[in-house]
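Subject: Structure handover

Hello,

Here is the structure we talked about. Please open it beside the sequence; my notes follow below.

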Amino acid sequence: MEYNLADLFESVVDAVPDREALLYVDHPGTGAERRLTYAELDAAANRIAHHLIDAGVRPGEHLGLHLYNGVEYLQTVLGALKARIVPVNVNYRYVEEELVYLYRDADLAALVFDGEFDERVTAAAPQAPGLRHLIRVGPDPAAPPAVPVVPFAEAEASGAAGRGFAPRSADDQFIIYTGGTTGMPKGVMWRQEDLFFSGLGGGAPTGEPVKAPQELAERVAAGGDGITFFPTPPLMHGTSTLTAFIGFNFGQRVVVHRKFVPAEVLRTIEKERVTSVSLVGDAMLRPLIDCLKGSLRGTDCSSLFSVSSSGAIMSDSVRAEFQALVPTVMLLNNFGSSESGFNGTATADSGPEKGFRVQVNARTAVVDPVTYEPVVPGEPGRIAQRGHVPLGYYNDPAKTAATFFRRGEERWVLLGDMATVDADGIVTVLGRGSQCINTGGEKVYPEEVEQALKSHPDVYDALVAGVPDERWGNRVAAVVQLRKEASALTLDELQAHCRTRLAGYKIPRALVLADRIQRSPSGKADYRWAKAVAAGADRP
């Protein structure tokens, strides 16, 4: 047995076959739910794996998952891994042109897609020559599909429920496509052993990683149940799928909803006694707060042990609001990426005044982006990680060469985040270098300004971007969504608030009030949108 995700999952299944593994709740919609034990989820994954094999999809070929959250998503990921087929996430917001790019770039041989995307898939699929097998999830369409597809129920029924697969390897791949809001998406290629240790914490994200593959099931068998993991963002984002696999590696229950509906999330937390929720920043935490203060006041969230965010920061003011409503919960701002897995967790004193400070793991460092040497305390550099890192970007040797490097015998990945490190090893994340605003020679990182903006009592959400300025090159512009109860907010008022938290050159010089801040389905910032909106801001 190796550190192969399918092997590890099967070892857990054999240890606790009758324990509940997955609860799926269909909201909004019928409100129907589906529960599967570990043995049932294993058999369901086996059926899809055997169908794919019988359909001629070969080990090492790529299978796209163009789906909303559901049993089918995790079942198909597990089935692909069992058959040594490489799963590839597809952003369901993509339109035809973007889908054609991804289908081709990823060299998809097969695709499992949600029937709601019929029109886009049937337009894009014929333009991807290698895509030869399509499986459609959902009820039969009113009209015959425009391209040949196999209904998911038919595919599932045709496959054998038993295992009987060829031996697998720790070198089998898992690809996570990332990006799309700042450029074309990139496929991050992970060896499964590397992903297990960097993205899944080696079977124990908050403890001691396992020392041998068989130890994972031994730990599960020796422990009890009672923990429920609830990844609320779309599974198409790597962090949610990895959270589900962390739950499976613990032999615990995983809950997923079809879509993020705040009221239904809270009802599920109360009904199912959820212990751990993962989300993405204020964009997902604020709506939960609104419900707890409004229509769902009094909802019992006492079972919650932790709420963690990755991909965007839960700001201080929003965390304080939630903490007041659920005083026993631990709120964690985690730091990581598709290229590095998990890097660390924000310190208790992290915030607008001191910055986003992270206690990083031993594999993470801040290095000079040219020499790759560690920077001295206080000097800016780029965050990098060594050891269990990806193989590179699929189909992109140039970006691979610019991002992945070797120092001695170790492989490293150079992330896009600028940072400093202090004498105690605490890393202060400045922000993505690609979003940095150069104003009169000074560098401003949007995330820092956004934290200050969101601490204003009238600000519901905010993004910051640079807009052209004849004198300074660029000036800082804020795109702000107000709280419902706030009638107005002037640039002067916002500047006065920020001056108590930020240096003068970081203060927004322009303000645009928007009805809604545009983010991805998981809550990640859409900076292309923010820059376009901010470009229309008037000078002060």
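In these notes, contact means heavy atoms within 4.5 Å. Helices (H or I, at least four residues) and strands (E, at least two) are DSSP runs numbered from the N terminus. The model is predicted, so local features need pLDDT of at least 70 and side-chain atom pairs count only at pLDDT 80 or more, while totals for chains, interfaces and linings use all residues. Residues are numbered from 1 along each chain as its sequence is written, and side-chain values use heavy atoms, with hydrogens and water left out.

Helix H8 (residues 214–222) has Glu-215, Leu-216, Ala-217 and Val-220 buried, where buried means under 20% relative accessible area with a 1.4 Å probe, protein chains only. These buried residues pack against helix H1 (5–15) and helix H9 (238–249).

Three strands make an open, mixed sheet in the order E25-E26-E27; two strands pair if DSSP finds at least two bridges between them. Its edge strands, E25 (459–469) and E27 (510–513), each pair on one side only. Strand E26 (residues 473–482) runs parallel to E27, and four bridges join them.

Regards

Definitions and conventions. Buried < 20%, exposed > 50% of the residue type's maximum accessible area, 1.4 Å probe, protein only.
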